[in-house]
Amino acid sequence: MSWDAVIVGAGHNGLVTAAYLARAGMTVCVVERNDWVGGAAVSRELYPGFTYSNCSYVCSLFRPEIMRDLELPRHGLQVLPYEGGAVLKEDGGYLAMFRDHDANRREFARHSPRDAEAYDRYARDVLRHCRFIRPLLMRTPPDPVSLRPRDLGELAWLGRRVLEMSEAQIAEMVRFWTMSIADFLDEYFESPVIKAYLAVSAIIGTALGPMSPGSAYVLLHHYMGDVDGNVGAWGYARGGMGAISAALRASFEVAGGTVRTGSGVRRIVVSGGRATGVELDSGEVLKARRVISGMDARRTYLDCMAEDDLPAEFVGAVRRFRTRGSSGKLNIALDAAPHFPAFPDGAPMLKGDLHFTDTIERMERAYDDWKDGRFSSDPFQDLMIPTMIDPTMAPPGKHFVSSFVQYAPPRIGGQGWTDADRDAFGAACLDQIERFSPGFRDRVLHVEVRTPRELEAEVGLTEGNIFQGELTFDQLFFNRPVPGYAQYRGPVEGLWMCGSSTHPGGGVMGAPGRNAAVEILRTTKHDRSGVRDAYAVL
Amino acid sequence: MPSSDIVVIGGGANGLACAIRLARGGARVTLLEAEPEVGGGATTVEFAPGYRVSGLAHLVHGLDARLVAATDLAGQGFRATDPLPTTLPGADPLTVPAAGGGPGDWSTLMDRLGRHATRLAPLRSLPPPRLGAGNDWRALTGVGFGLARAGRADLRDLMRLILINVADVAEDELSDERLRALLAFDATLGAWAGPRSPGTLLLYLNRLALGGARAPMGGMGRLAAALRAAAEGAGVTIRTAARVTAIAVAGDRARGVTLATGETLRADHVVSALCARTTLEGLVGPAHLDTGTVRRIAAMPFHGGAAKLHIALTGAPGFGADLRHRFVLAPSVDAVERAFNPVKYGEVPDRPVAEVLVPTAHDPSLAPEGHHVLSVIAQFAPHAPKDPDAAKAAFTRAVLSVLEQAAPGLSGQIAHVETLMPADIAARYGLRGGSWHHGDLAAERMLFLRPFPEAARYRAPLPGLWLASAATHPGGGVTGTAGWNAAEALLKEAA
């Protein structure tokens with residue numbers, strides 16, 4: 001038989017596209033190399049009794065439109081918002097953060113009354129930038145050099161949105177997109193620890209330091225989400241991030257879709273100038289009217305396709321697509337709750353994200369190490385204890401700790417990561433935690449250390465880049481992944497892209513998957529009523 | 001009380017260019033310079049007995065074509081060389097011609113970037129475009145047509161490259177590490193950014209728009225003298241050793257200036273070619289500005305990252321190439337990046353990168369016979385080190401060691417060394433933070449964002465006061481473009 005669509009990779013975006021297409025009436029098969037679905041949104045039991053969200057670990061960016069269209073809550077998805085967090089300072093003090101704006105303001109005032117004043121101004125300005133960007137997430141980028149009516153219309157829409165702002169606001173926005181988060185924060189705040197806390201979202205997952213121009217935009221990328229309409233809020237998927245993938249899979253299968261796990265794709269078959277199916281590692285060929293790749297652009301075009309099947313210029317552009325990994329991850333099973341002397345046990349901060357980097361300079365120095373092909377001995381860690389809120393992930397009284405680490409280079413000193421490098425990296429991170437939580441190590445039952453090498457090997461992210469491609473302007477919007485190919489169509493007839501290599505990029509957001517489905521449905525006579533318009537929460 | 005139509009504060013290239021344009025437009029102009037000589041960063045100094053050198057800027061690069069056309073600089077005694085080729089010394093030296101040619105992929109890349117730069121270059125001599133009224137639509141349409149004619153492929157390329165970092169481009173497009181390093185070095189020369197910082201290719205395009213770099217005969221002081229003569233020829237009254245201490249404000253309008261002597265000059269318009277922050281914060285004062293402006297001024301970045309070294313030599317340095325070339329000492333992209341890393345924390349790099357000229361190779365009269373001087377711009381030097389004296393000593397040592405490696409035996413020829421760290425440049429030339437551009441030049445501080453949105457079109461947020469320094473569009477270098485643009489804007493309003 002020939003499928004209407006074969007989707008390569010059962011990551012969250014692949015499953016989103018698959019579910020939309022199946023609900024529109026297509027016959028859809030998702031093929032996945034691993035024996036489980038989810039890509040980087042997974043829950044795995046690697047130590048008995050503990051469930052790890054072992055790649056992505058928090059949820060906010062996932063688009064609510066998709067949750068509703070695909071009825072994910074009905075299929076078991078529940079997002080639990082979390083409260084606050086804290087930066088633990090070298091001097092034993094801390095800065096706490098709360099969801100409540102006024103509570104934050106009071107906490108800021110403890111460190112700097114002036115910064116507490118500035119916080120209102122800061123929050124208002126960032127929200128304004130967010131308000132402009134958010135509606136772009138769920139729209140296909142226009143081709144700025146095309147004269148097609150559709151592109152011109154989209155450009156005109158964009159232009160109108162820009163002109164809704166005052167001249168001063170436009171100038172501010174352009175400045176915000178191009179500046180570094182360090183400079184941006186300097187314009188509001190004086191307290192180093194407040195700046196360090198707020199800079200975090202600008203460096204997560206990206207090969208930029210807080211002093212790199214363009215890092216302010218990355219901040220926005222992490223602020224555009226919401227939990228139940230609370231913009232900028234973050235939460236845990238109950239049962240781990242795999243709960244999102246499980247709900248997507250259920251939604252897809254209820255609509256008649258087929259998932260085949262344990263079936264890696266060896267190559268995408270092109271004949272007569274169109275993609276006609278995929279050849280699996282087993283040699284089996286699945287025929288399809290369209291092939292949709294959820295893999296990153298480099299893996300899709302450079303690893304799974306023959307160079308002769310693609311335009312030469314296009315191949316060159318894909319080779320230039322930057323996918324350097326910059327992050328690592330520790331998943332830790334703890335025998336008992338960790339103790340942080342800086343605040344009382346049971347403090348609300350423990351339910352949020354904990355950082356140990358109290359100045360921007362320390363983050364930037366960790367980035368300098370990344371540039372030189374080293375992991376830092378003073379890494380930035382985003383440490384969370386999901387079991388403080390979601391008891392399903394560990395046995396009673398025990399805890400699952402997730403630590404996201406920035407930065408981890410794709411290669412160490414020009415060579416691939418070795419097991420010894422990985423262990424040293426894990427030890428550096430645990431050493432840092434131990435400094436702020438004495439006795440932490442003694443409670444460790446099991447640690448899984450993931451470097452870019454593990455991310456690439458297991459999830460298939462080239463060079464371990466968690467966003468399937470770096471988030472700099474030359475790789476965003478109409479430039480993502482390649483100028484001229486930002487509308488989810490590959491360079492070959494019948495070939496599409498739906499992963500985070502496409503607009504609007506990475507994070508467990510689902511927007512690329514939905515946008516790709518919309519584009520595909522535009523070319524067919526299938527029922528499109530299942531795709532509701534994106535709406536603005538703001 | 002003497003009065004004139006317009007008072008221009010500051011006799012650097014921008015102040016002079018502005019005064020010349022204003023005087024040619026029919027205004028009665030008085031230019032006030034605090035130092036005994038005009039020129040600002042364009043000067044020739046005797047840094048050791050018998051050894052002279054350009055005191056700060058050392059290349060004529062991008063001198064505004066309108067200024068050149070309006071003045072007879074050659075007639076006033078100013079000459080410069082042809083554009084200089086660049087040599088990368090080392091075990092395997094490589095020379096890149098001043099314009100066009102060079103190794104295959106280099107020349108392909110230069111053609112491509114040159115096309116982009118040429119299309120964007122006209123923006124340099126226009127006031128930054130803005131929404132609504134006041135644009136020079138004819139000129140802007142010209143720029144637009146130029147871009148439209150570029151064709152889809154070039155446009156797509158430009159839109160991808162516009163904010164990219166130069167290191168990625170170097171790695172993608174060039175195979176020779178030395179050439180990659182040259183691209184990375186030139187893109188970040190005078191900037192506060194390493195080659196891996198996004199937006200650095202845009203700085204390179206800006207550099208390409210300036211054309212070839214030429215060495216001034218007799219040092220940059222000759223250019224200043226020629227511009228002074230041209231200004232006086234155009235009817236500008238120039239007063240040196242006249243330090244302005246305040247801009248007189250009455251009725252929410254600038255009415256003139258007060259000098260250190262207590263003398264007051266009245267004027268219909270005051271143009272400041274000084275640092276925008278110094279002008280507004282120091283000469284006008286916060287009392288006459290609104291809160292938003294005061295906050296803007298406080299946020300202006302002044303991160304000078306370049307130091308200037310002047311070295312007197314008893315013989316010819318052994319760079320292994322024609323000494324009339326421009327020498328760039330930067331072994332790799334990573335070396336440039338590593339030279340930048342420490343200055344973020346106020347520290348000194350172990351191995352700085354540098355642009356070296358041998359001015360005596362063009363004009364032997366700058367030193368005793370047979371002797372030479374080196375004019376070195378070395379990067380990156382911290383603008384606010386914790387211990388300035390130790391930083392200066394360490395930086396000087398590091399630069400000399402890099403020079404010795406490029407020209408073996410050089411240490412034995414040294415008669416005298418002068419190092420100007422960014423703080424010294426600030427003290428001597430009034431460039432706050434030692435920033436060449438009177439405020440960092442970066443994507444977020446270009447066009448309508450320079451120096452800040454409310455002052456982007458040369459008009460300060462105080463009626464009657466205009467800004468004409470490198471702090472305004474299109475930034476620094478001895479070009480006079482900002483000053484000329486400011487004069488055009490003022491004349492347009494006054495008309």
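# Chat about a two-chain model

User: Where does B:His288 lie?
Analyst: B:His288 lies in the loop that runs between helix H10 (276-284) and helix H11 (291-299) of chain B. Keep in mind that this is a predicted model.

User: Which residues does B:His288 touch, not counting residues up to four places away in sequence?
Analyst: B:Val249 and B:Leu462.

User: Switching to strands. Why is E13 of chain B described as largely enclosed?
Analyst: Strand E13 (residues 306-313) of chain B is largely enclosed by the rest of the structure because eight of its eight residues are buried.

User: Which way do the residues of E13(B) point?
Analyst: B:Ala306, B:Lys308, B:His310 and B:Ala312 point one way, and B:Ala307, B:Leu309, B:Ile311 and B:Leu313 point the other way. All are buried, B:Lys308 and B:His310 included.

User: What joins E13(B) to E16 of chain B?
Analyst: Eight bridges, with E13(B) and strand E16 (residues 372-379) running antiparallel. One of the partners to look at is B:Val376 in E16(B), which bridges to B:Leu309.

User: How many bridges pair E13(B) with E17 of chain B?
Analyst: Six, again antiparallel, with strand E17 covering residues 414-420. There, B:Val417 of E17(B) stands opposite B:Ile311.

User: What about helix H12 of chain B, why is it largely enclosed?
Analyst: Seven of the eight residues of H12 (residues 333-340) are buried, so the rest of the structure largely encloses this helix. The buried ones are B:Val333, B:Ala335, B:Val336, B:Glu337, B:Arg338, B:Ala339 and B:Phe340.

User: What do the buried residues of H12(B) pack against?
Analyst: In chain B, they pack against H6, helix H7 (177-188), strand E15 (353-357) and E16. Helix H13 (360-371) of chain A is also on the list.

User: On to the contact between the chains. How many residues does each give?
Analyst: Chain B gives 29 residues and chain A gives 28 residues. On the chain B side, the elements that give two or more residues are helix H5 (152-161) and helix H6 (166-173). H5(B) has the largest share, six residues.

User: What classes of residue are on that chain B side?
Analyst: There are 15 nonpolar, four polar and ten charged residues on the side of chain B that touches chain A.

User: Now chain A. What is the strand order in the open sheet of four strands?
Analyst: The order is E1-E15-E14-E13, with mixed pairing. Strand E1 (2-3) and strand E13 (265-271) of chain A are the edge strands, each pairing on one side only.

User: In which sense do E1(A) and E15 of chain A pair?
Analyst: Parallel, over two bridges, with strand E15 at residues 285-288. A:Trp3 has A:Ala288 in E15(A) as its bridge partner.

User: Last one: at what angle do H1 and H16 of chain A pack?
Analyst: About 35°, with the axes of helix H1 (residues 12-23) and helix H16 (residues 511-522) 7 Å apart. The crossing of H1(A) past H16(A) is right-handed.

User: What classes of residue make up that contact of H1(A) with H16(A)?
Analyst: Seven nonpolar, five polar and one charged. Among them are A:Tyr20 and A:Leu21 from H1(A), and A:Arg514 and A:Ile520 from H16(A).

Technical notes: Residues are numbered from 1 along each chain as its sequence is written. Chains are lettered from A and ligands numbered from 1 in the order in which they are written. This is a predicted model: local features need pLDDT of at least 70, side-chain atom pairs count only at pLDDT 80 or more; totals for chains, interfaces and linings use all residues. Two residues are in contact if their C-beta atoms, placed from the backbone, lie within 7 Å. Ala, Val, Leu, Ile, Met, Phe, Trp, Tyr, Cys and Pro count as nonpolar, Asp, Glu, Lys and Arg as charged, and the others, Gly among them, as polar. Two strands pair if DSSP finds at least two bridges between them. A residue is buried if 20 or more other C-beta atoms lie within 10 Å of its own, exposed if 12 or fewer, and partly exposed in between; C-beta atoms are placed from the backbone. Axes are lines fitted to C-alpha atoms, for helices over the stretch in contact, and angles run from 0 to 180 degrees between N-to-C directions. A crossing is left-handed if the near helix is turned anticlockwise from the far one by less than a right angle, and right-handed if clockwise.
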